[in-house]
Amino acid sequence: MPQQRPHTTPLDRTTPAVPVFSSHFRGRPQRGRGRPPAKYAVASLFSGCGGLDYGAEQTGDVQVVWAIDSDEWAVRTYTKNLGRHAWHADVSETDFPDVPCDVLLAGPPCQDFSALWNLDGARTERGNLFREVARFLDQRQPKAFVIENVPQMLTANRGEAWMLVRHALRSPS
């Protein structure tokens, strides 16, 4: 029986992407001679039900040690699927715990930047929650961070919103 060739798409013919948390990453935490490398400790802000965290953990190179979200049902889902390290709290009213953190994952609310909303961007309280990411970066100083949001974050408020976000993330203090 001839071997069937799997269906290919143009994406299948490209060079495979290198995972963000590959073993070739410089500064990878080590446990010592003859032991496998340690996993990166990850904190997660605005974690929702844990989609970004789950994807990161699936690389095998990270372990989420702390997560926070203000939606009770999202945190319940997160806890059921990923563990009891998620807090149900308002991040803007929370002191960050003293947990190890090599990488920060953050998905601040996107509604005020989304084309499906009114594009108020950084003019609203919710649109300014990216500042909590900057506060975490300033206080905990992880080696790396990933922030996820909608493309309109770049253009909301005629580009002013992205300028504010970028400035806050570059100079968090």
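**Note on the predicted model**

Tryptophan 66 and phenylalanine 96 are both buried (under 20% relative accessible area; over 50% is exposed, and partly exposed lies in between, with a 1.4 Å probe and protein chains only). The points below start with the basis of the model and return to this pair later.

1. Basis. This is a predicted model, in which local features need pLDDT of at least 70 and side-chain atom pairs count only at pLDDT 80 or more, while totals for chains, interfaces and linings use all residues. Residues are numbered from 1 along each chain as its sequence is written, and side-chain values use heavy atoms, with hydrogens and water left out.

2. Elements. The protein has 4 helices and 5 strands. These are DSSP runs numbered from the N terminus, helices being H or I with at least four residues and strands being E with at least two. Their order from the N terminus is β-α-β-α-β-β-α-β-α.

3. Overall numbers. Of the 173 residues in the protein, 39% are buried. The accessible surface is about 11400 Å², and carbon and sulfur atoms account for 51% of that; the areas come from the Shrake-Rupley method with a 1.4 Å probe, and for residues only the protein chains shown count as cover. When contacts between residues at least 6 apart in sequence are taken, 58% of them join residues at least 24 apart. A contact here means heavy atoms within 4.5 Å.

4. Main core. In soluble globular proteins, nonpolar side chains tend to be buried together. The largest nonpolar core in this model has 21 residues, and Leu45, Trp66, Leu104, Val133 and Phe136 have the most contacts inside it. Such a core is a set of buried Ala, Val, Leu, Ile, Met, Phe, Trp, Tyr and Cys residues joined through side-chain atoms within 4.5 Å. Two or more residues each come from strand 1 (40-45), strand 2 (62-69), strand 4, helix 3 and helix 4 (160-170). Helix 3 gives the largest share, 5 residues.

5. Second core. A separate core of 12 residues includes Tyr40, Tyr78, Leu82 and Ala86.

6. Valine 133. Which residues does valine 133 touch, not counting those up to four places away in sequence? They are Leu45, Phe46, Leu104, Ala106, Pro108, Ile147 and Leu169. Val133 is also one of the residues with the most contacts inside the largest core.

7. Aromatic pairs. A pair of aromatic rings is described by the distance of the centres and the angle of the planes. The structure holds 4 aromatic pairs; rings of Phe, Tyr and Trp (its six-membered ring) pair if their centres lie within 6.5 Å, and planes under 30 degrees apart count as stacked, over 60 as edge-to-face and the rest as tilted. The pair of tryptophan 66 and tryptophan 87 is edge-to-face, because the ring centres are 5.2 Å apart and the planes stand at 90 degrees. Tryptophan 66 is in strand 2 and tryptophan 87 in strand 3, 21 residues apart, and the pair links these distant parts of the chain. Tryptophan 66 has a relative accessible area of 2% and is buried, whereas tryptophan 87, at 35%, is partly exposed.

8. The opening pair. Tryptophan 66 and phenylalanine 96 are also edge-to-face, with 6.0 Å from centre to centre and 80 degrees between the planes. Phenylalanine 96 lies in the loop between strand 3 and strand 4 and tryptophan 66 in strand 2, so the pair ties together parts that are 30 residues apart in sequence. Trp66, Trp87, Phe96 and Phe136 form one aromatic cluster.

9. Glutamate 72 is partly exposed at 36%, and arginine 76 is partly exposed at 44%. Glutamate 132 and arginine 135 form another salt bridge, with the closest N and O atoms 2.6 Å apart. These two are 3 residues apart in helix 3, about one helical turn. Glutamate 132 is buried at 13%, while arginine 135 is partly exposed at 22%.

10. In the bridge between aspartate 98 and arginine 140, the closest N and O atoms are 3.6 Å apart. Aspartate 98 lies in the loop between strand 3 (86-88) and strand 4 (103-106) and arginine 140 in helix 3 (residues 130-140), so the pair ties together parts that are 42 residues apart in sequence. Aspartate 98 is exposed, at 75% relative accessibility.

11. Charge over a ring. The charged end of arginine 76 sits over the ring of tryptophan 73, 4.3 Å from its centre. The rule asks for NZ of Lys or CZ of Arg within 6 Å of the ring centre and within 35 degrees of the ring normal.

Methods. A salt bridge is a side-chain nitrogen of Lys or Arg within 4 Å of a carboxyl oxygen of Asp or Glu.
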